[in-house]
Amino acid sequence: MSEQSNPLNLEVIQKQLEKAKGPTYWRSLDELLAKDGFQDYLHREFPRQAGEWLDDDGRRNFLKIMGASLALAGLSACTKQPTEYIMPYVVEPEKAVAGKPLFYATAFPVSGIANPVLVETHEFRPTKVEGNPEHPASLGAADAVTQASVLGLYDPDRLQTINYLGEVRSYPSFLSSFLAALDKQKAKNGAGIRILTETVTSPTLFAQFQDVLKLYPGAKWYQWEPTGHGRSAGAQLAFGQPLNAIYKFDQADVVLAIDSNFLGCGPGSVRYSRDFAAKRTVRDSAAGQNRFYSVESTPSSTGSKADHRQAMKPSEIAAFVRSLASAVSGSGAGTSKFLQAVVKDLQAARGKSIVIAGDDQSPEVHALVHYINQVLDNNGKTVLFTAPLEQKPADQWADIHALAQDLNSGQVDLLLILGGNPVYTAPPELNMRGAIQMAKLRVRLGLYDDETSEVCQWLVPETHTFEQWGDAPAYDGTISIMQPLIAPLYGGKSSYEMLAAFTETPDKSGYQIVRDYWSTEHTGADYDMWWKRSIHDGFVKDSALPAVTAVAKLTAPQPSASSASGYEVSFHSDPYVLDGRYANNAWLQELPRPVTRLTWDNAVILSPKTAADLKVESEDRVEVALHGNSVQGAVWILPGHPNDSIGLSLGFGRRRCGRAGNGAGFDVYPLRSATSPYFAKGAKVTPLGEKFRLAATQHHFSMEGRDPVRTGTLDELKKDPFVIQKESETAPKGLTIYPQEWQYKGYAWGMAVDLTSCNGCNACVVACQAENNIAVVGKEQVLNGREMHWIRIDRYYKGSEHDPEMFFQPVACVHCENAPCEVVCPVAATEHDQEGLNNMVYNRCVGTRYCSNNCPYKVRRFNFLLFTDWETESLKLQRNPDVTVRSRGVMEKCTYCIQRINYAKITAEKEDRRVKDGEIVPACAATCPSQAIAFGDLNDPTSTVSKWKTAKTNYSLLGELNTRPRTTYLADIRNPNPELSTGEES
Amino acid sequence: MQPVELPDKIHVGPVIDQGHSLASVSDKVAGIVLKRKVTLGWVFGLLLSFAILQNLMAGATWLIIKGVGVWGINIPVGWGFAIINFVWWIGIGHAGTLISAILLLLNQSWRNAINRFAEAMTLFAVMCAGMFPVLHTGRPWLAYWLLPYPNTMALWPQFRSPLLWDVFAVTTYLTISAVFWYVGLIPDLATLRDTAKTPGLRRTYGLLAMGWRNSARHWQRYEKASLLLAGLATPLVVSVHTVVSFDFAVSIIPGWHTTIFPPYFVAGAIYSGFAMVLTLMIPVRRFYGLDDIITLRHLNNMAKVTLATALIVAYGYTMEAFFGYFSADTYEKFMIWNRMTGPYAVFYWCLILCNIITPQFLWSKKIRTSPGILWIISIIVNIGMWLERFVIVVTSLHRDFLPSSWGMYWPTVWDWAVYTGTLGMFMTLIFLFVRVLPMITIFELRMLLPDATVKEPVAQ
């Protein structure tokens, strides 16, 4: 071995190291490392050193060097740290105390309608949203979609960089290209500019649009959203002006829903759920209850609460509403018993009833319903009208057609698409995908690299609602000024900032834009105060739109759709992914749809009879053909669906949205032409002879005579207040072989769930998922029965297969006082505590699953595999630091939000007092729009939950097993019309 | 001990055929280990078993890498193949203990020809069984938390849990079985040591024989130790499977929560154990030409025990069904109805066919003494007993109290891998056992021979 090929050997190194002491040690090692050949020496592996085996000296040398290189390989990890200055947390940011969450008010708009929220942030990471308790649209509650918004923020599949034809570019380079294109447009007054947005309700954005259009008078601005047009178009038809209807369910004794899921989705659903529940809930025999009729083209969670529900083919609904209109005007209710009863009830409750039409109903139906409410004297009492929430109410079908026409004629030089996803959602006959590519410069601001982005040149990542400034009205017009809660994770621009580029202020921040706009609206000297107040509260005080009076006219019958033979198809937006915009939200994808219990897929919904006619079963793949287009999907048989009709939900079958949504379900839009956007006739169904597995979370819908959901009618309850509790006997206290009877001297936590109020909306499920770091498992695992939701909503049927009654029952761990799980755990990983909680000790759990087997409620959830995503960085930010993130092989279950209990207990202890009633609200109870869940201390007889439990309708689920559950249920009490004996409709 | 030659007519032939002498018995049994050439059949059998054992390697490795989710278990069916197989293997083990302990105490000398083999089977079956409770936990590396060991957290296991009782029952069982088996082997190991031709073998067997010199004192102590161990093992025959049945009986799940389980499980265990002894003995007897030592009398007796336990098991099934109905409890009634007519009904009826109908053939003496038919029946009983555990574990869990949480369980390829892997392990061990250790207790056989009775003139 020559000196050159091996300049360093052990002796040299040792000598070098011996010289070094203390700080110099490091420096000399640095020197050592810097020497030529040293790295080479370190990285040398056996093949080259093998030569050293040949002579004895070399062998020894080799061993020495091996030792040294091992030692040095360790040392080489200790590289010198660069000089960086860290900041000690001596002066903390205002109000930020490490470990304590801060709540900021903002809003999460869906289709432009603000859902007011308080966002919980931990060290400036938004982790969870709660409803804004001060805001009239929320009163503290939030729906499932809003609850899931926080996952959307951290979605790792969001568009993360500015792209030009697939290459990453900077914002300035985008601006220069964009402004150059704008420059060219100046000469032609912007005649080549087209802007496509979703429904714009933001006053600031609208003001910006006006500025843009002033600057470029030739430019055109179009709006397009695929659903929810019936509302505004219906008002236009009835009143001659687009009005926004607000319903007062807390004042309505009789409600008739026309294919309306007003408790489940749409503007105001959160508030409506609360108001409706207030009129509905019965906890003692003296109370009154509203009566609720529903006519539906597909079973919905709202319809399942109805005292009388009528399944109706979509084509029959308009006729039904028309005959209702003439009946309430006094021209006889015809022969239908149902209609007669409805009319009688509605007329008896003049001024105290509501007829409401659904979002997926045609303008004609909406117009008729406005007229009916007017005849019933409801308008102005239970139904209020205000100016529209849309800044520029437009016929969006016309808008999207006009845009397609402009594009196809080649007039469009610059197309700017702000949000939305027209390639996916536009009517198929427009061929939006091809049309957009006719525009010369195509700029897309979007959250995802989706179907529309695919055909655009410039992609600019859009900021999530929680990353931007903005404003939006709630269902009643109350304006929320939205504040950002976190700096944009991926750079990103908001629509406001993009529009600012038109007016040559591309650097204007969203904050300046929104603030400047509102300074022109609120001109008082107290502007700063007003601004701060509005942001702090999450809404502008007293900004609800004033009610206006309007006279509805009876619209002439529209020419009915073609009387083609074949099946009817009704289109509905999915309750959670809506029109497809939240398709990549895994929480929403895995959320069982309230009625079908399906996750991760939509389906071809058929009634049992229609399925029998077609000789298909659930999970059979079929082709649905309509006017030359066809889609393929799996059948799901749904009792209560009208016969000869097919229910299809929009929002699935996305091709490009991310790992959660890609390939989930099938795309229904190809069937939905502009001529028949609500329902269509003449569909053909062809079985394909294949199976496709659908992941439902519940497979048995009959109560099997066990009555987990106890039901009764108001009349029965009045006759015998104990009718519910008579149903079963409960074991006497102390019936256990174990000597220790817990005393619960301090607190005794308990819960009560009012099944009359619960409408199965699933908001609690998502709230729990966000609060408790519950993992998403994916379709395969749901198929395997391994979903992780700590709270599930069971849905049962009663009655005939064709016209069943439906009941919902949220079930989480009921915290038994005699818990079967506790005695069987061999390692004491699930233990009782002195307040009656059944605690799960994750660290101790070895995963025998015995507890789950022995749980009669089957509410325990097991990490069969590593379900928690430990890899994706952005998702880690969402996790609640107060709750352990579980790993593989441990059991978990509802804790009654023990982190919230302990937080309140610590606070109370510091203040030397007991925890007050209402101080602890578990995530499920907090978000429940219909306030169906009460939680508190059972040792305090004045607490809400104690009072609920004294109700005559209170019962223990499986109480006969002597489990003594802490969660009890209040029976589902209904108020059927005695004139309509069940199961017999004309 | 008197040679057993009961003159009655109920017995078929002698326990050992005519023409055997003390030397011929030793030669014959020891010869299988020492003299017999390694046959192609044995090599093939061992390799096949060893190949199947690799399923366990693969299955367990993948299981530990990915988690128990590679199996088909879910909520509500939290236990699947692992517990089914555990109970099945433990049950199989019971025959060995019964033969070696209870029959010893009852002085049933026909046991002498089969007890060694049956004990080995017990040991191997318990080894197979013992793996499942560890593998089936979500975090198998922490399964030792089930042991009551002193630790800095001052944490004990939870003594109310039947799973913990299981730990004690099974570890005790394994220990006693191993000790009993080994103690019984010592005199024969000495015989092998003395017969072996090569120094290596002599040394190996010499070490294993622990200095056995056939002295009267040794024999005296041996007999005492045997009796004591038999006394210790006897309650285990009843207690182990009783405790295993507590896993189910102590729970509140309909179909599990029943007081008939302990006796019914014990009978079932002995039933499946005898069936497994028959399954193994019949081919071994044939391949190693042991018809004269394991005679038709043995087969006949074992078949009788099988039939008797089958009847007890049948009584158990009947009572289970009857009380399901008679309890008037919604859940119990539904459970039994669901077993008979639900999605797993075919398993239930197969179980009835295998476990109740098939053994009725054993009423016939002709069948009891036809090794071929007996062998087929014994395999059917083994399958039946496996199905019984499947029916108990799965059909009870899959539809319990709340219809909303009902589900289904189907095993995955990894369930099968681990199960077949333990079969491979069991067979591998059996193949090795018959080659390296005397599969029949030589000295006990010798005692059955007329020569064993020394007729000394009365010293006067």
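Biologist: In what order do the four strands of the parallel open sheet in chain A sit?
Modeller: Keep in mind that this is a predicted model. The edges of this sheet are strand 11 (308-311) and strand 12 (353-357) of chain A, and each pairs on one side only. Neighbouring strands are turned by 10° against each other on average, direction ignored. Reading across the sheet, the order is 11-10-9-12.

Biologist: Which residue of strand 10 of chain A is the bridge partner of A:V254?
Modeller: Start with the two strands: strand 9 (residues 254-258) and strand 10 (residues 291-296) of chain A pair in the parallel sense over five bridges. For A:V254, the bridge partner in strand 10 of chain A is A:R291.

Biologist: Which strands does helix 13 of chain A touch as it packs on that sheet?
Modeller: Helix 13 covers residues 337-348 of chain A, and its direction makes about 135° with that of strand 9 of chain A. The strands it touches in chain A are strand 9, strand 10, strand 11 and strand 12.

Biologist: And at about what angle does helix 14 of chain A run to strand 12 of chain A?
Modeller: Helix 14 is made of residues 363-375 of chain A, and it lies across strand 9 and strand 12 of chain A. Its angle to strand 12 of chain A is about 170°.

Biologist: How many bridges join strand 1 of chain A to strand 2 of chain A?
Modeller: Strand 2 takes in residues 113-122 of chain A, and the two strands run antiparallel.

Biologist: Are the residues of strand 25 of chain A mostly buried or exposed?
Modeller: In a regular strand the side chains alternate between the two faces of the sheet. Here A:S645, A:G647 and A:S649 point one way, while A:I646, A:L648 and A:L650 point the other way. Strand 25 (residues 645-650) of chain A has six of its six residues in one class, and that class is buried.

Biologist: Which residue of strand 25 of chain A is the bridge partner of A:S570?
Modeller: Strand 20 (residues 567-573) of chain A runs parallel to strand 25 of chain A, and six bridges join them. In strand 25 of chain A, the partner of A:S570 is A:G647.

Biologist: Are helix 18 and helix 19 of chain A roughly parallel or roughly perpendicular?
Modeller: Helix 18 (residues 495-502) and helix 19 (residues 510-521) of chain A pack at an angle of about 85°, with their axes 9 Å apart. Angles of 65 to 115 degrees get one particular label, so helix 18 of chain A is, relative to helix 19 of chain A, roughly perpendicular.

Biologist: Which residues of helix 19 of chain A make that contact?
Modeller: By class, the contact has four nonpolar, one polar and one charged residues. Helix 18 of chain A brings A:Y496, A:E497 and A:A500, and helix 19 of chain A brings A:G510, A:I513 and A:V514.

Biologist: Why does A:R433 count as partly exposed?
Modeller: A:R433 has its place in helix 17 (residues 432-436) of chain A. Leaving aside neighbours within four places in sequence, A:R433 is in contact with A:V423 and A:V455. A residue needs 20 or more C-beta neighbours within 10 Å to be buried and 12 or fewer to be exposed. A:R433 is in between because its count inside 10 Å is 15.

Biologist: How many residues does chain A give to its contact with chain B?
Modeller: Among the elements giving two or more residues to this side of chain A are helix 26 (820-824) and helix 27 (850-853). The side of chain A divides into 20 nonpolar, 14 polar and nine charged residues. Chain B gives 37 residues, and chain A gives 43.

Definitions and conventions
Residues are numbered from 1 along each chain as its sequence is written. Chains are lettered from A and ligands numbered from 1 in the order in which they are written. This is a predicted model: local features need pLDDT of at least 70, side-chain atom pairs count only at pLDDT 80 or more; totals for chains, interfaces and linings use all residues. Two strands pair if DSSP finds at least two bridges between them. Two residues are in contact if their C-beta atoms, placed from the backbone, lie within 7 Å. Ala, Val, Leu, Ile, Met, Phe, Trp, Tyr, Cys and Pro count as nonpolar, Asp, Glu, Lys and Arg as charged, and the others, Gly among them, as polar. Axes are lines fitted to C-alpha atoms, for helices over the stretch in contact, and angles run from 0 to 180 degrees between N-to-C directions. Angles under 35 degrees count as roughly parallel, over 145 as roughly antiparallel, 65 to 115 as roughly perpendicular and the rest as oblique.
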